[in-house]
Amino acid sequence: MERTLCIIKPDAVKKNVQGNIIRMISENGFRIIGMRLIKLTSEQAGKFYAIHKERPFFKDLVEFMTSGACIPIALERENAVAEWRKLIGATDPAEAEEGTIRKLFANSKSENAVHGSDSVENGKIEVGFFFPESEII
Ligand code: CMP
């Protein structure tokens with residue numbers, strides 16, 4: 001079984017669509033093996049997105065991710081990384097397919113409702129960032 005990390009981002013929590021997203025997770029064959037409601041600190045967000053540190057949008061990304069509560073969710077299923085990316089759609093909601101989470105709920109490329117790990121390796125690392133193995137259900 002493969003793991004991937006979903007984060008329901010502050011824009012989606014503010015819109016109160018976390019229930020819709022969790023329902024889509026369950027209806028699409030993912031098992032929730034960890035879930036938290038937290039408000040990230042700048043240090044946590046900066047560490048999580050360290051790979052984007054040199055990008056021009058890094059500061060805004062950290063600001064946005066710390067602007068309200070978010071919900072990291074560890075997911076498990078066969079081919080979890082690719083299947084989750086398919087279900088969330090393109091980073092930019094304008095380019096996302098109909099019926100995808102970002103098409104339905106995202107505001108923009110930066111306020112894009114959900115996060116998804118971009119590789120199997122990062123799926124493992126990112127799940128571990130929020131959920132120590134001893135807390136995985
Ligand atoms: P996420 O999948 O969480 O991973 C990195 C995030 O950076 C991405 O979603 C977007 O929210 C954000 N991002 C990526 N590219 C851009 C961009 N060109 N402008 C603003 N934000 C971006």
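Me: How do the residues of the shell around the ligand divide into nonpolar, polar and charged?
Reply: The shell holds 3 nonpolar, 4 polar and 3 charged residues, where Ala, Val, Leu, Ile, Met, Phe, Trp, Tyr, Cys and Pro count as nonpolar, Asp, Glu, Lys and Arg as charged, and the others, Gly among them, as polar. Bear in mind that this is a predicted model, in which local features need pLDDT of at least 70 and side-chain atom pairs count only at pLDDT 80 or more, while totals for chains, interfaces and linings use all residues. Residues are numbered from 1 along each chain as its sequence is written, and side-chain values use heavy atoms, with hydrogens and water left out.

Me: Which residues are around the ligand, then?
Reply: They are Lys9, Tyr49, His52, Phe57, Leu61, Arg102, Lys109, Ser110, Asn112 and His115, a residue being near a molecule if one of its heavy atoms lies within 4 Å of it.

Me: What lies 3.3 Å from an oxygen atom of the ligand, and what lies 3.4 Å from one?
Reply: At 3.3 Å there is a backbone N or O atom of Ser110, and at 3.4 Å a polar side-chain atom of Asn112. A side-chain N or O atom of Tyr49 is 2.8 Å from a ligand oxygen. A polar contact is a pair of N or O atoms within 3.5 Å; within protein, one must be able to donate a hydrogen and the other to accept it, and residues adjacent in sequence count only if both atoms are side-chain atoms.

Me: And how much of the ligand's accessible area does the protein cover?
Reply: Of the 460 Å² that the ligand has on its own, the protein covers 78%, with areas from the Shrake-Rupley method and a 1.4 Å probe.

Me: Switching to Phe57: where does it lie?
Reply: Phe57 lies in the loop between helix H3 (42-48) and helix H4 (58-65), helices being DSSP runs (H or I) of at least four residues and strands (E) of at least two, numbered from the N terminus.

Me: Why does Phe57 count as partly exposed?
Reply: Because its relative accessibility is 35%, and buried means under 20%, exposed over 50%, and partly exposed in between (1.4 Å probe, protein chains only).

Me: Is Thr66 buried or exposed?
Reply: Thr66 counts as buried, because its relative accessibility is 15%. Thr66 is in the loop between H4 and strand E3 (71-77), and its side chain reaches the backbone oxygen of Val62 at 2.9 Å and that of Glu63 at 3.1 Å.
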